[in-house]
Amino acid sequence: MAPAEPAIDLGNLEFSWPGKPLLLSIERFTVAAGERIFLRGPSGSGKSTLLGLIGGVLVPQHGSIRVLGTDLTRLAASDRDRFRGEHIGFIFQMFNLIPYLSVLENVLLPARFSPARALRLGGPDLAAEGGRLLAALGLGAEQYLHRPVTELSIGQQQRVAAARALLGRPAVVVADEPTSALDHDARENFLALLINECRAQSSALVFVSHDTSLAPLFDRSVSLAELNRATSVAA
Amino acid sequence: MPTLSLALRSIWNRRATALLTIFAIAVSVTLLLGVQKLRVAAKDGFANTVSGVDLIVGARSGPLNLLLYSVFRVGDATANVSWDSYQKIARHPDVAWTIPISLGDSHRGFRVMGTTLDYFRHYHFAGSRELRFAAGKPFEDLYDAVLGADVAEQLRYRLGDPIVIAHGIGNVSFANHDDKPFRVVGILARTGTPVDRTVHVSLEAITAIHIDWQSGAQAMPGQRVTAEAARSRELQPDSITAFMVGMQSKVMTFTMQRAINEYRLEPMLAIIPGVALSQLWSLVGIADTALMIVAAFVVLAGLLGMVTAILTSLQERRREMAILRSVGARPRHVFALMIIESVALALAGVLLGVCLTYGALYLGQPLLQSRFGIFVAIGGLNAYDFAILGSIIAAAFLMGVLPAWRAYRNTLSDGLTLRI
């Protein structure tokens with residue numbers, strides 16, 4: 001793929017849940033490679049649905065979803081799953097981690113399902129790369145690696161989730177209100193680390209939040225309400 | 001397989017519930033295997049009740065009736081075999097030996113059997129095991145008695161103890177042969193067969209205690225014969241209840257059987273013990289089939305419990321599934337995760353169940369042997385056992401499809417939405 005290829009490119013997208021009115025109608029939404037986008041919108045505005053579409057879990061009724069030039073709507077379901085595992089990292093609002101795995105195992109989880117993502121790391125072995133990411137996100141101390149994730153604070157858990165999303169240098173990182181459960185200082189801290197690491201790996205970042213005070217930290221800020229032409233949205 | 005270790009870690013994370021589930025399956029497997037082992041042991045033990053005997057001959061009746069009273073000491077003979085007919089067969093050149101049996105009396109609920117010393121020589125059980133004496137020796141004197149192991153143990157008899165034989169076979173008898181008491185001279189080692197519940201005396205002794213009896217009642221006082229006086233009388237019986245035959249050559253067995261059954265001077269019946277035993281087992285064996293069915297249903301209940309536990313856990317694991325989806329897991333991975341969980345739990349249950357079974361067998365073997373006369377061989381698992389265990393795992397797999405399918409459907413509808 002050419003480096004100039006946009007990370008995400010949605011065109012004439014229409015989506016509605018079965019039997020429900022039109023939820024999303026987006027003429028065009030593009031995220032350039034390595035670009036960091038702040039996507040704001042109140043809850044219920046279809047944010048999670050949009051992320052599901054980008055992740056290839058949902059399929060729109062109309063339009064195209066190009067991620068790194070690949071139109072997800074033309075892929076079979078299992079290929080979309082593989083594509084997601086290979087190229088997209090997700091961070092959710094909270095409870096991101098598998099409770100019965102250690103910190104390091106949680107970070108290395110994508111490598112289990114996507115050999116391509118593990119291979120992309122090339123030189124360093126997986127555990128070392130996991131440790132590097134955790135260190136970059138402020139969880140470098142050896143003591144964290146093999147701890148049960150349930151012993152971590154919420155802020156630490158979110159950083160583990162960020163390390164997992166970044167593992168294997170995915171082209172796109174999607175974060176769905178990852179800071180809403182954090183207090184102010186932890187929020188700034190987390191965001192700085194996340195943006196730093198995305199820049200270092202040149203991963204595009206789609207950061208969804210309703211907290212507009214964070215917007216200045218990003219390359220661009222987009223309002224979903226303005227983007228979405230569907231009128232039925234109770235925004 | 002990215003899911004195998006995940007599934008196992010997930011089970012470990014819920015180990016309290018998992019352990020209970022495994023234990024429930026293990027107990028049911030133990031029951032099933034135990035019943036299976038016991039029924040094999042019971043069947044073998046049954047078939048081993050008598051061996052080395054080629055024919056059993058009695059007055060003409062049904063084969064099962066003859067088998068029951070001659071070997072199992074259950075029921076009564078309808079008629080006797082005359083001494084002449086017995087002698088005729090016993091002296092036949094093809095016949096190697098015979099064991100005459102005279103039944104009809106009892107001692108405190110245990111049957112008394114009159115026989116000869118050939119009984120201790122030729123009677124075998126469980127393949128080629130001979131009758132052994134735990135104490136004492138065979139009867140010599142007219143009023144000597146040899147006890148089976150159960151008789152001696154339950155009635156606490158020792159060598160030299162006097163015993164009185166009752167007329168008839170009721171548990172409580174009002175007509176006793178108390179004028180001619182016997183003395184215990186031998187106690188047989190345990191056999192696990194009806195021999196253990198038998199009091200053995202000589203054929204002549206049976207004649208002696210009935211010498212002054214007519215029509216089921218003893219003669220008037222004054223016409224009675226004392227124990228000592230009886231010794232000098234003619235004690236050869238007119239008839240016996242039945243007799244066992246050992247042939248010179250096994251191939252002659254059928255010929256002899258037919259000859260006896262067609263004997264014109266006296267209606268007699270000859271049976272081959274092995275054939276009659278398997279006929280009898282086909283009647284008795286229904287009970288253990290029923291037991292086996294019950295055990296199978298207990299296993300089914302154990303597996304249903306497992307599926308219930310997994311289904312209950314699904315709701316709280318939806319988040320976990322969404323996380324796995326977000327890192328590239330396909331719905332079929334989720335399906336596999338749940339199936340692996342079912343099979344792993346069942347496998348652990350089966351393994352634990354096998355261990356419990358063998359533990360129970362080691363502990364219970366002496367007890368079963370001594371109390372019930374059932375010898376349970378602690379061998380390895382046979383092909384049938386493996387088939388049983390394999391079908392339990394297969395059943396777990398099939399039943400695991402239900403929660404797996406539910407999780408699969410949840411995963412498709414949840415997508416990346418973290419439902420809490």
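Which residue just after α1(A) takes a positive phi? A:Gly56 does, with a phi of about 80°.

## Model and conventions

The model is predicted, and local features need pLDDT of at least 70, side-chain atom pairs count only at pLDDT 80 or more, and totals for chains, interfaces and linings use all residues. Residues are numbered from 1 along each chain as its sequence is written, while chains are lettered from A and ligands numbered from 1 in the order in which they are written.

Helices (H or I, at least four residues) and strands (E, at least two) are DSSP runs, numbered from the N terminus.

## Helix α1 of chain A

Helix α1(A) covers residues 47-54, and eight of its eight residues are buried. A residue is buried if 20 or more other C-beta atoms lie within 10 Å of its own, exposed if 12 or fewer, and partly exposed in between, with C-beta atoms placed from the backbone. Among the buried residues of α1(A) are A:Lys47, A:Ser48 and A:Thr49, together with A:Leu50 and A:Ile54.

These buried residues pack against the strands β1 (8-15), β2 (24-31), β4 (62-67), β7 and β8 (204-209) of chain A, and against α10 (224-227) of chain A. Contact is taken as C-beta atoms, placed from the backbone, within 7 Å.

## Sheets of chain A

Two strands pair if DSSP finds at least two bridges between them. Seven bridges link β1(A) and β2(A) in the antiparallel sense; A:Leu10 has A:Phe29 in β2(A) as its bridge partner.

Five strands of chain A form an open sheet with parallel pairing, in the order β6-β7-β8-β3-β9. From one strand to the next the twist averages 20°. β6(A) and β7(A), the latter spanning residues 172-176, run parallel and are joined by four bridges. Opposite A:Phe90 stands A:Val174 in β7(A).

## Loops on either side of β7(A)

A:Arg169 lies in the loop between α8 (154-166) and β7 of chain A. Its phi is positive, about 45°, although A:Arg169 is not a glycine. A:Arg169 counts as partly exposed because it has 18 C-beta neighbours inside 10 Å.

A:Glu177 lies in the loop between β7 and α9 (184-201) of chain A. A:Glu177 is not a glycine either, yet has a positive phi of about 45°. With 18 C-beta neighbours inside 10 Å, A:Glu177 counts as partly exposed.

## Nonpolar cores

A nonpolar core is a set of buried Ala, Val, Leu, Ile, Met, Phe, Trp, Tyr and Cys residues joined through C-beta atoms within 7 Å. The largest has 107 residues, and those with the most contacts inside it include A:Val107, A:Ala163, A:Val174, B:Ile25 and B:Val334. Helix α12 (residues 331-372) of chain B gives the most to this core, with 10 residues. Apart from it lies another core, of 64 residues, with B:Val53, B:Val57, B:Ile240 and B:Met268 among them.

Neighbours within four places in sequence aside, A:Ala163 is in contact with A:Val107, A:Gly130, A:Leu133, A:Leu134 and A:Leu137.

## Helix packing in chain B

Helices α3 (residues 63-71) and α10 (residues 273-314) of chain B pack at an angle of about 100°, their axes 10 Å apart. α3(B) is therefore roughly perpendicular to α10(B), a label that applies from 65 to 115 degrees, with angles under 35 roughly parallel, over 145 roughly antiparallel and the rest oblique. Axes are lines fitted to C-alpha atoms, for helices over the stretch in contact, and angles run from 0 to 180 degrees between N-to-C directions.

On the α3(B) side, B:Pro63, B:Leu64, B:Leu67 and B:Val71 meet B:Pro273, B:Ala276, B:Leu277, B:Gln279 and B:Leu280 in α10(B). The residues of this contact divide into eight nonpolar, one polar and no charged. Ala, Val, Leu, Ile, Met, Phe, Trp, Tyr, Cys and Pro count as nonpolar, Asp, Glu, Lys and Arg as charged, and the others, Gly among them, as polar.

## Contact between the chains

The contact takes 25 residues from chain A and 20 residues from chain B. α1 (2-13) and α11 (318-326) of chain B each supply at least two residues of the side that touches chain A. That side of chain B divides into eight nonpolar, seven polar and five charged residues.

Definitions and conventions: Two residues are in contact if their C-beta atoms, placed from the backbone, lie within 7 Å.
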